Amino acid sequence: MSDRTTEERFHRARKDPELAVLEGFHALKHALRFGAEVLETAIVEPEALGRLVASLAPDLSERLPASDARIVTPQAFARLAPRPPATGVIAIARRRRVSPAEVLSAAGPAPVVLLVRPRHAGNLGAAVRVAAAAEAAGVLALGGRDPWEPDAIRGAAGLQFALPVAGVDVLPPTDRPFVAVDPGGDPPPASGLPARALLAFGTERHGLDETLLSRAEIRVAIPMRKGVSSLNLATAVAVALYAWRRID
Ligand SMILES: C[S@@+](CC[C@H](N)C(=O)[O-])C[C@H]1O[C@@H](n2cnc3c(N)ncnc32)[C@H](O)[C@@H]1O
């Protein structure tokens, strides 16, 4: 198979809502660890992949042999993505489809993270990454960006495969307690955040709008030094989720 057809497949995959482009070794590593169906891997140097597996993911040595990957020239690799990953590894996997209603109906006390109109795919990905690490029940991105777009997968290091993640245009009904995480809110309650909360975070520039704020059962602020306006979106998600984990 020629480098040209490999390029065409990777370009088509970026626009295919069923597929996920995994840019870089870390995204591929996490995708495999969390059971993704990887359809194709392209690399430049088999020895370099072997070294990455040996040093960063020896648990995957049997599932990520360089012999299964397509070897392409450095020139062709540079055309497989707008920002070719420095690790020299890129792959295509099948997205894991989950409906927003399924995300919200997950059992157990863990919160669902609701990102309202996130503007930056990197922030969206970083929020997915911390939600996976903190064992949140799932992540919903309301409006705008697709949590499976390549830059969001890159920002999440492929951890979209570790928990249910979906984009949504309209929030389905839910009995989860709606918690607005907002710089204008109150200090977190001493009893901690309610179980099964839907933790809503606002868009980077304008935060949560009045409609969503008025829907909240509680509004929680992360304390900050005087003069600091707000935290980065993904940082706020990290603080809120680890505050929840501490008391869980
Ligand atoms: C960059 S901030 C938005 C800033 C926006 N100008 C505002 O005042 O809300 C993005 C989101 O991160 C969360 N956030 C950032 N700092 C926070 C804080 N100190 N307390 C609670 N939430 C915070 C909120 O959900 C916020 O909507």
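This is a stop-by-stop tour of the model, with something to select at each stop.

**Before you start**

You're looking at a predicted model, where local features need pLDDT of at least 70, side-chain atom pairs count only at pLDDT 80 or more, and totals for chains, interfaces and linings use all residues. Residues are numbered from 1 along each chain as its sequence is written, and side-chain values use heavy atoms, with hydrogens and water left out. Helices (H or I, at least four residues) and strands (E, at least two) are DSSP runs numbered from the N terminus.

**Stop 1: the four-stranded sheet**

Show β1, β4, β2 and β3 as cartoon. They form an open sheet of four strands in the order β1-β4-β2-β3, with mixed pairing; two strands pair if DSSP finds at least two bridges between them. The edges are β1 (19–23) and β3, each pairing on one side only.

Now select β2, residues 38–43. Antiparallel to β2 runs β4 (residues 89–94), joined to it by five bridges. Click Ile43 and you'll find its bridge partner in β4, Val89. The pairing of β2 with β3 (residues 70–71) is parallel, over two bridges, and here Ala42 has Arg70 as its partner.

Together β2, α3 and β3 make a right-handed β-α-β unit. Right-handed means that, with the strands pointing away from the viewer, the path from the first strand over the helix to the second runs clockwise.

**Stop 2: Glu40**

Stay on β2 and pick Glu40, which lies in this strand. Is Glu40 buried or exposed? With a relative accessible area of 10%, Glu40 is buried; the cut-offs are under 20% for buried, over 50% for exposed and partly exposed in between (1.4 Å probe, protein chains only).

Across in β4, Ile92 stands opposite Glu40. Leaving aside neighbours within four places in sequence, Glu40 is in contact (heavy atoms within 4.5 Å) with residues including Thr6, Arg9 and Phe10.

**Stop 3: helix α2 and Lys29**

Next, select residues 25–33, helix α2. Seven of the nine residues of α2 are buried, so the helix is largely enclosed by the rest of the structure. Among them are Phe25, Leu28 and Leu32. To see what covers these buried residues, show β1, β2, α3, β4 and α7, which are included in the cover.

Zoom in on Lys29, also in α2. What you can find is a polar contact of 3.1 Å between the side chains of Lys29 and His26. Not counting residues up to four places away in sequence, Lys29 also touches Leu56, Ala57 and Leu60.

**Stop 4: strand β6**

Jump to residues 138–142, strand β6, where five of five residues are buried. Both faces are covered: Gly138, Leu140 and Leu142 are buried on one side, Val139 and Ala141 on the other.

Bring up β5 (residues 112–116), which pairs with β6 in the parallel sense over five bridges. Val113 stands opposite Val139. Follow the chain from β5 through helix α6 (residues 121–133) to β6, and you trace a right-handed β-α-β crossover.

β7 is also parallel to β6, with four bridges, and Ala141 stands opposite Gly167 there. From β6 the chain crosses through α7 to β7, again as a right-handed crossover.

**Stop 5**

Select Ala157, in the loop between α7 (150–155) and β7 (165–168). Its phi is near 50 degrees, a positive value in a residue other than glycine, and Ala157 is buried at 6% relative accessible area.

Finish at Leu213 in helix α8, residues 210–215. Leu213 is buried, at 7%, and touches Ala180, Asp182, Leu208 and Arg219, not counting residues up to four places away in sequence.

Methods:
Polar contact = N/O pair within 3.5 Å; in protein donor to acceptor, adjacent residues only side chain to side chain.
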